[in-house]
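User: Got a model open here and I'd like to go through it with you. Can we take it piece by piece?

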Amino acid sequence: MPVLPTPRGPLSATVLTALRGAPGSLPAGTDVPTPGDALADDDLHLALYACYELHYRGFDGVDERWEWDPGLVALRATLEAVFEHGLHAALDGWTPPAADDTTMDLALRAIADADDSPSLSRHLERHGTLEEFKQVVIHRSAYQLKEADPHSWAIPRLAGGPKAALIEIQADEYGGGDPARMHARLFADTMEELGLDPAYGAYVDALPGATLATVNLMSMFGLHRRHRGAIVGHLALFEMTSSIPNRRYATALRRLGVRAPRATEFYDEHVTADAVHENVAAVDLAGGLVRQEPALKDDILFGARALVELEGRWATMLLEAWAAQQPTLRSTPRAEAVAA
Amino acid sequence: MSAGGARITPYRDGPLLIRGTFTLADQDGNDIAFRGQTVALCRCGRSRQKPFCDGMHKATNWRAASAAQDPHAATQDTASRFVRERDSTPG
Ligand code: FES
Ligand SMILES: [Fe+2]
Ligand SMILES: [Fe+2]
């Protein structure tokens, strides 16, 4: 089981200190100041990440009743409000493309096409170093070791065609029932081949707020029924922008001399799997959901646009740090061992 | 899903998805292996993993409707698309 991460400021200290004690012990009325950057703040996003992890795998030595502790849920709601406000502020001036149930694929594609953030996969394919590649794998591990789980929260909130479409995708993500083929397992295999620790949560202390925010985004969308449109849009855009980048990541690994099939399988698998998923997600899932609930159209597109926003900021952070020869991971004993 | 059969869906500007019960084999009768219950077969011609779609239809802005094409429809549209495809083909 993952160990509790180390606090990075007052909010994460409040949450993580409380989790070491008994449920019900969280002091009421924790002040949540508005951070400078609600989409990347280390303290805010570690606190939120810790709250969400209670719904996934939990932490070693933490009382499992904390998951629904009213005091913690109340604090989490305040953290989420800050995050959500930050998202809306960042997307101020953005208007969802026009669409109906038959054109959601086009609207989602328009959002993907309008993304002008730099391409991490292109950089790695052509010039990236093995050290940079390993860093990306570490950043991604916070999501990829629980790949598909945040979107699975949507399953009981959907019905009929969109639910069937989501299951069609998730069945592949979970290896069609074969634990060795689960995408999270394939990612762990890649980590092992690269000499990284594949244990769930092993690198959380090394991940900056901008990375944790990409995971918190899907947890927030997934855990709230009112965000069911957003989590669907998030998944659709994820799948629609996956095949080609994953081919580039696989090419990068081979160029860097990492040729073991076990190292590249995660990326190779996604090239063809997501060529299926993108259509199912955009047309059958997103379009199907709009057919059932037309009012969710803008929520779906917001979820997609929010993904593009956070992924773009994350990729920019990495590329700028590398260009300036700066670290992209927070320094922890574990991160330093990787860099060495 | 139609009982016992395969259902083939051309997705707009993308591959053919095949669901249900089917086999995939080359012209010599050798099975073509695939994972999962659904396969996406390339219909744009640009995939580097034929017969499967690998997403390249997007990089080349390939266009095709999901519904059947009308052979009597105007050709003007096709001509202008051809130009656009060439413009957008990445180097
Ligand atoms: S249809 Fe997707 S690569 Fe050809
Ligand atoms: Fe996957
Ligand atoms: Fe996928």
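User: How much accessible surface does chain B have, and what share of that belongs to carbon and sulfur atoms?
Analyst: About 6,100 Å², with 50% belonging to carbon and sulfur atoms. Areas here are Shrake-Rupley values with a 1.4 Å probe, and for residues only the protein chains shown count as cover. Ground rules: this is a predicted model, where local features need pLDDT of at least 70 and side-chain atom pairs count only at pLDDT 80 or more, while totals for chains, interfaces and linings use all residues. Residues are numbered from 1 along each chain as its sequence is written, chains are lettered from A and ligands numbered from 1 in the order written, and side-chain values use heavy atoms, without hydrogens and water.

User: What's the fold pattern of chain B?
Analyst: Along the sequence chain B reads β-β-β-α-α. Helices are DSSP runs of H or I with at least four residues, strands are E runs of at least two, and both are numbered from the N terminus.

User: Switching to the interface: how many salt bridges are there between chain B and chain A?
Analyst: Seven, where a salt bridge is a Lys or Arg side-chain nitrogen within 4 Å of an Asp or Glu carboxyl oxygen. One of them joins B:Asp54 and A:Arg247, at 2.8 Å from N to O.

User: And which element of chain B gives the most to the side that touches chain A?
Analyst: Helix 1 of chain B, with four residues. In total, 22 residues from chain B and 23 residues from chain A take part in the contact (heavy atoms within 4.5 Å).

User: Is A:Glu239 buried or exposed?
Analyst: Buried, at a relative accessible area of 4%. A:Asp274 is buried too, at 3%. The cut-offs are under 20% for buried, over 50% for exposed and partly exposed in between, with a 1.4 Å probe and protein chains only.

User: What does A:Glu173 bridge?
Analyst: A:Glu173 bridges the iron ion (ligand 3) and the iron ion (ligand 2), which lie 3.8 Å apart.

Notes:
Donors are N, O and S atoms within 2.8 Å of the metal (3.2 Å for Na, K and Ca); water is not among the atoms, so sites may look incomplete.
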